[in-house]
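Visitor: Before we discuss this protein, could you put it up so that we can go through the terms one by one?
Guide: Here it is, and each term will be set against its cut-off as we go.

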Amino acid sequence: QVQLVESGGGLVQPGGSLRLSCAVSGSIFSINVMDWYGQPPGKQRELVAAITSGGSTNYADSVKGRFTISRDNAKNMGYLQMNGLKPEDTAVYYCHAVVQLTSRSTVHSWGQGTPVTVSS
């Protein structure tokens, strides 16, 4: 069984910063893609940023230049550094990972979400 636990969300003023963390635990052979999704109030969940096991990254246009995704493969951790936060970044942020359980078996796992509110 694989568990993802996010932390680091909270209330921040516009222009502020937050760093989200995602801890992956369980019987893991390796982690392929790790990504972060945001779900604003009343809207659908959308991809914010993704990072491969080799470190290649991809960002939604709305966060390019402000957010940075990273990971620590040795610790099975993922991170999302959020700078220059705007009210429209307000959302519940979910960590997602494609986890290799064995050389032949993968699962998609989600965390429980951490809320981010950007407001003055």
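**Terms and cut-offs**

Guide: Cys22 and Cys95 are both buried, where buried means under 20% relative accessible area, exposed over 50% and partly exposed in between, computed with a 1.4 Å probe on protein chains only. This is a predicted model, in which local features need pLDDT of at least 70 and side-chain atom pairs count only at pLDDT 80 or more, while totals for chains, interfaces and linings use all residues. Residues are numbered from 1 along each chain as its sequence is written, and side-chain values use heavy atoms, with hydrogens and water left out.

Visitor: What makes the link of Cys22 and Cys95 a disulfide?
Guide: The S to S distance between Cys22 and Cys95 is 2.1 Å, and a disulfide is a pair of cysteine sulfur atoms within 2.5 Å, so the pair qualifies. The structure holds one disulfide, with -85° about the S-S bond, and the link is left-handed. Cys22 lies in strand β3 (residues 18-26) and Cys95 in strand β9, 73 residues apart, so that distant parts of the chain are linked; strands here are DSSP runs of E with at least two residues, helices being runs of H or I with at least four, numbered from the N terminus.

Visitor: Why is Asp89 called buried?
Guide: Its relative accessible area is 6%, which falls under the limit already given, and therefore Asp89 counts as buried. Asp89 sits in the loop between β8 (77-82) and β9.

Visitor: With which residues is Asp89 in contact, leaving aside its neighbours within four places in sequence?
Guide: They are Arg66, Phe67, Gly84, Val116 and Val118, contact meaning heavy atoms within 4.5 Å. The side chain of Asp89 also reaches the backbone nitrogen of Lys86 at 2.7 Å, which meets the distance limit for a polar contact (a pair of N or O atoms within 3.5 Å; within protein, one must be able to donate a hydrogen and the other to accept it, and residues adjacent in sequence count only if both atoms are side-chain atoms).

Visitor: What makes the largest pocket a pocket, and which residues lie nearest its centre?
Guide: On a 1 Å grid over the protein atoms alone, a pocket is an open set of points with protein on both sides within 12 Å along at least five of seven lines, whereas in a cavity a 1.4 Å probe fits but cannot get out. Lining residues have an atom within 4 Å of a point; there are 14 of them in the largest pocket, and Pro40, Glu46, Ser62, Glu88 and Asp89 lie nearest its centre. The largest share of the lining, three residues, comes from β5.

Visitor: Where is Asn76, and why is Asn76 called partly exposed?
Guide: Asn76 is placed in the loop between β7 (67-72) and β8, and it counts as partly exposed because its relative accessibility is 24%. Asn76 also has a positive phi of about 55° although it is not a glycine.
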